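Please have the sequence and the model at hand while reading.

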Amino acid sequence: MQQTDSTPLTDDELRGIDAYWRAANYLSVGQIYLLANPLLREPLRPEHIKPRLLGHWGTTPGLNLIYAHFNRVIRQRDREVLFVTGPGHGGPALVANTWLEGSWTAAYPNTTQDEVGMGRLFKQFSFPGGVPSHVAADVPGSINEGGELGYSLSHAYGAAADNPELVVACVVGDGEAETGPLAASWHSNKFLDPVRDGAVLPILHLNGYKIANPAVLARIGDDELSALLQGYGHEPYLVEGSEPAEVHQALAATLDLCMDRIDEIQLEARSAAQPPPRPAWPMIVLRTPKGWTGPQIVDGEPVENTWRAHQVPLSGVRTNDDHLRQLESWMRSYRPEELFDDHGRPVAALVELAPGPELRMGSNPHANGGVLSRDLELPAVEEYAVPVKIPGAEDGEPTRVFGAFLRDAFRMNADNLRLFGPDETESNRLSAVYETTGKQWQAELLDTDNHLARDGRVLEILSEHTCQGWLEGYLLTGRHGLFSSYEAFVHIVDSMVNQHAKWLKTINRLEWRRPIPSLNYLLTSHVWRQDHNGFSHQDPGFIDHVVNKKAEVVRVYLPPDTNTLLSTMDHCLRTRNYINVVVAGKQPQPNWLDWDAAALHCARGVGVWDFASNDEGEPDVVMACAGDVPTMETLAAVDLLREHLPDLRIRVVNIVDLMRLQSEGEHPHGLPDAEFDALFTTDKPVIFAYHGYPWLVHRLTYRRRGHDNLHVRGYIEEGTTTTPFDMVVRNNLDRYHLAMDVIDRVPSLGSRAVSTRQYFADQRARHHAYVTTYGEDLPEVRDWRWTPR
């Protein structure tokens, strides 16, 4: 790793940046400990200390150091910098710096830049009714939820995409660097286009320890670490030390080198007639002591530069006089009397070190993406609709048709829309987008490659974590995107979805945060059409996971055919502050509704399909379905029942918007009880064919009056490599089993339908014999079409 011995800071600059760092450190310690007496105007007493000491000190002084130095870079270069904090549990640092520069007070006017405001700042931290201990949505300037580690670098690259003038400073914690998501995201530099994208400057904050263990990258030696980072395609610079003046000079010089190198890379790429070779982007390894400037020894044990500095170095301050004296000595070591005036305001010299309001990192509009966000320009979706003269008469490939819509959406949104996925755009039948754009790629190109482009708008890497992180960074900074994935493997990002859902819930209550474009998932290659890949690829449980999140945030859609998918996606791409999950097949399947009927059905979210019903307002049974394959099996069952039991009155209800099943008091899309009762009745059996795990439908409807009459069929964890129809048979979702359920549940059928039920059971047995002999489905199943009656 390269090091510099340059000393670019004048004596005045050095004193100023050190004072700023000391001020941020003082404010950080005060947040962890103090309930009162913020300026230490009197000796500390136990009643000045919070009853519960929460927070993380160990990483905080390093974050404060980096923030202070980027203020200098911004002022001198007039550059727009977004600060992404990987060690997000270092929340005191970001809160301190945004208050010091004025961004916190701009967002929270009650927390003024004076003694009263400082007292409120201290009290609110990790306190009931206050703000979390980590860098959360509450913190101005943040886009990375710090409660979980691993996502900072992918967020940073997503933020830089299509932001050519933006520099994203991304601090990567050395503990965070051990996570799988972070390890994969180092490859993001192979996708960054120096012409149309901004730059990311990673800073590996190597302070040596996690909660109770050394950090791996801190113990492998400089040669191995340098080889690792160079192997990832970076040009690493090392800044290390424990003497503040020396570290200040080294970090200032190294930041200047890195920013100059970023400018060189971008200038060369943007002025060259032919794209230059992929650059080695600069990055910094910052090695400073954990808990730097804090207590060195506590109760006879070393603390600074050990794992003991990770959280609260002095834990017994309210009850231990020695700890209380050490805390006061620690805080006074920052010389607060030099940093704040008699009213508790930052002194003028500190105020001048912060950038102006338009460039300070805590006020960066990219970190409040809704401020910059523009609505998508979308083509008229009805122009892509497929004609449907007779329901179910012809098949369509829903995602292929949607791909054409998406292709033209890309044409209309040159820098405001991207598609993300793990190497599955072609597989998921969205390849029409390549008529407009390619797959972004900065690594080696071969003549045999297809659709790779340095300025592509499709981002594919076989890491769902990285795709998700890129997309989140893109959305959080105000742009629009779509994640297309196989249904079974989107589970890989479950925890990332958790954090994003919490972020959305939080910003809904923050007036200064503006709504951001929704996180949209298109899950295809789903459970019922993974018969060729087998059991490992068969899991519809992502829906269950998402439904656990706050109702104000989540939406789940199961469009049953091509036109309903078009209508659903057109809607989702226009929404904000949601997580939209859309599950739709890519394989040929019946088209049921023409455009007008599909648009109306999607607007309702649930409704009776009159063409398949004969109940005349008083059904004997309700056949409900949600999902494309369950819909087809339901209509095939209805076809069988109407052939064999023509007097049976059947109502078919299809559900596109799954959350319509909940009551209006539980979800904004929930059906009022009266409407639910009118659709499903309160006393008739409801045979419900559902795309996923059947118990979710029971959970969503357990408060409904007719719940005891509800009988749900869905995926019951039975799968293998087999035929499409055998998959539904194995899970009792097939047409014959649904028809048998009707016979079993409708009292009026009684013994008169015994022979019909036996016929259906025999058909299941016949299917088993046929499929195990010939390896394909029964001809009457494979070639079935809906019969209008």
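The sections below treat the domains, a domain interface, and selected side-chain pairs.

## Basis of the model

This is a predicted model, in which local features need pLDDT of at least 70 and side-chain atom pairs count only at pLDDT 80 or more, while totals for chains, interfaces and linings use all residues. Residues are numbered from 1 along each chain as its sequence is written, and side-chain values use heavy atoms, with hydrogens and water left out.

## Domains

The domain assignment gives domain 1 (11–367), domain 2 (394–590) and domain 3 (605–783); such bounds come from an automatic or database assignment. Between the C-alpha centres of domain 2 and domain 3 the distance is 29 Å. Their contact (heavy atoms within 4.5 Å) takes 33 residues from domain 2 and 40 residues from domain 3.

## The interface of domains 2 and 3

About 2,800 Å² is buried between domain 2 and domain 3, and carbon and sulfur atoms give 64% of this area. Buried area is the accessible area (1.4 Å probe) that two parts lose on being put together, summed over both. In domain 2, the residues losing the most area to domain 3 are W528, D531 and L558, together 28% of what that side buries.

Between these two domains the count of salt bridges is zero, a salt bridge being a side-chain nitrogen of Lys or Arg within 4 Å of a carboxyl oxygen of Asp or Glu. On the side of domain 2 that touches domain 3, two or more residues each come from helix 16 (542–547), strand 15 (554–557) and strand 17 (589–590). Helices (H or I, at least four residues) and strands (E, at least two) are DSSP runs, numbered from the N terminus. Strand 15 gives the largest share of that side, four residues.

## Salt bridges in the whole structure

A search of the whole structure finds 51 salt bridges. In one of them, D256 pairs with R72, with the closest N and O atoms 3.0 Å apart. D256 belongs to helix 9 (residues 244–271) and R72 to helix 2 (residues 60–77), so the pair ties together parts that are 184 residues apart in sequence.
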